[in-house]
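Please keep the sequence and the 3D view side by side while you read this note, which takes up a few local features one point at a time.

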Amino acid sequence: MTKTTSADIKKASAILREGGLVAFPTETVYGLGGDARNVLAVKNIFDIKSRPYNHPLIIHFANLSQLDEWVLDLPRRALQLAKAFWPGPLTLILKKAPGVIPEVTGGQTTIGVRVPSHPVAQALLTEFASGIAAPSANRFTRISATTTEAVFEELGERVNLILEGGRCDVGVESTILDMSEESPTFLRPGAITKSMIESVLGEKISMSSPAGTTVRTSGMHALHYAPTTETVMLTRDRLLDYVDGLEVKAEAPIALMTRSLLRSSLSALHCQIAMPQDAPTYARLLYQTMRELDRRGFKKIVIEAVPEEMAWDAIRDRLTKACGVRS
Ligand code: TXA
Ligand code: MG
């Protein structure tokens, strides 16, 4: 792993100016970045990811003051949240300014904006001095990348440059909050929880109803963040029964992702990974662990359900989606 230098940042910024694509680290996951003003670069992002064109991209900025030309207005509550959580893992959906190209917002009248805190992202955004459109650096419906190795596995040579930034600290994608309507709506859980947002705003916010109108957030699809191996989630009791049954039936190799080691001894055929007990460390290792288990060709990945507490919302959301029904 070679550390990103200021020469790399200059090179990356030049690539973006020429319409090329650069994968870069953020504190959540790696992003596949392109100039958000360049129609061809934006189209290329969708093509490389095999992502449907109507799924809007998040635009990244170095700081709040860069937002002026991109959003129609910054409501008081959005400003409060930006001041409280930026730079950091929060995306705000706002009304877009007229000059924003429709390709980047999937034709919508709103725009997703975020100011990431990772020093490499900050350096790149400061050098580029404009909005960088960046979805997670993975193919559509696949697990997001939290290391440069994972970015390479997902996108290979199709990006012009991959900037090194180590393993992402948060490990799951940013919290998304829709502030484009009168009342804020929570669209995607992340490291910044609903109650953290509510305590800054001093009011309760509503959850999006997935069964509601059209799907606007690709992360809201049932099958997202998914390994190719069949993946199921079980409560601890059901998991213990399942493991007892495994020994009897001598099934094909199964991977278990549990919250602590199971008491039952397992035959060497199967693999058991005990995940960290606390949510932040669990989240940091989640995608890398799923990616690794997926690669090893097990018949099934069986995941122990995580606590119902709010601190686990983002993890529970991604695990549920990883177990989504395959079409
Ligand atoms: O942590 C993150 O947010 C990472 C890093 C790279 O910043 N990015 C990320 O991007 O997760 P992506 O494209 O994989 O997921 C962003 C989600 C998408 O599901 C997209 O549909 C939604 O944000 N989104 C973006 N703009 C939106 C808008 N105007 N209205 C509703 N949803 C929007
Ligand atoms: Mg994504």
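1. Aromatic pairs come to a count of 3 in this predicted model. In one of them, the ring centres of Phe 61 and Trp 70 lie 5.3 Å apart and the ring planes stand at 70 degrees, so this pair is edge-to-face, the term used for planes over 60 degrees apart. Both Phe 61 and Trp 70 are buried.

2. Another of the pairs joins Tyr 282 and Trp 312, whose ring centres are 5.3 Å apart and whose planes meet at 80 degrees, so that this pair, too, is classed as edge-to-face. The pair links distant parts of the chain, since Tyr 282 belongs to helix H8 (residues 279-295), while Trp 312 is found 30 residues away, in the loop between strand E14 (300-304) and helix H9 (313-322).

3. Are Tyr 282 and Trp 312 buried or exposed? Tyr 282 is buried, with a relative accessible area of 0%, and Trp 312 also counts as buried, because its relative accessibility of 4% falls under the 20% cut-off.

4. Ser 199, which lies in helix H6 (residues 194-201), is exposed, because its relative accessible area of 58% is over the 50% cut-off. The side chain of Ser 199 reaches the backbone oxygen of Met 196 at a distance of 3.1 Å.

How values were computed:
Residues are numbered from 1 along each chain as its sequence is written. Chains are lettered from A and ligands numbered from 1 in the order in which they are written. Side-chain values use heavy atoms; hydrogens and water are left out. Helices (H or I, at least four residues) and strands (E, at least two) are DSSP runs, numbered from the N terminus. Buried means under 20% relative accessible area, exposed over 50%, partly exposed in between (1.4 Å probe, protein chains only). A polar contact is a pair of N or O atoms within 3.5 Å; within protein, one must be able to donate a hydrogen and the other to accept it, and residues adjacent in sequence count only if both atoms are side-chain atoms. Rings of Phe, Tyr and Trp (its six-membered ring) pair if their centres lie within 6.5 Å; planes under 30 degrees apart count as stacked, over 60 as edge-to-face and the rest as tilted.
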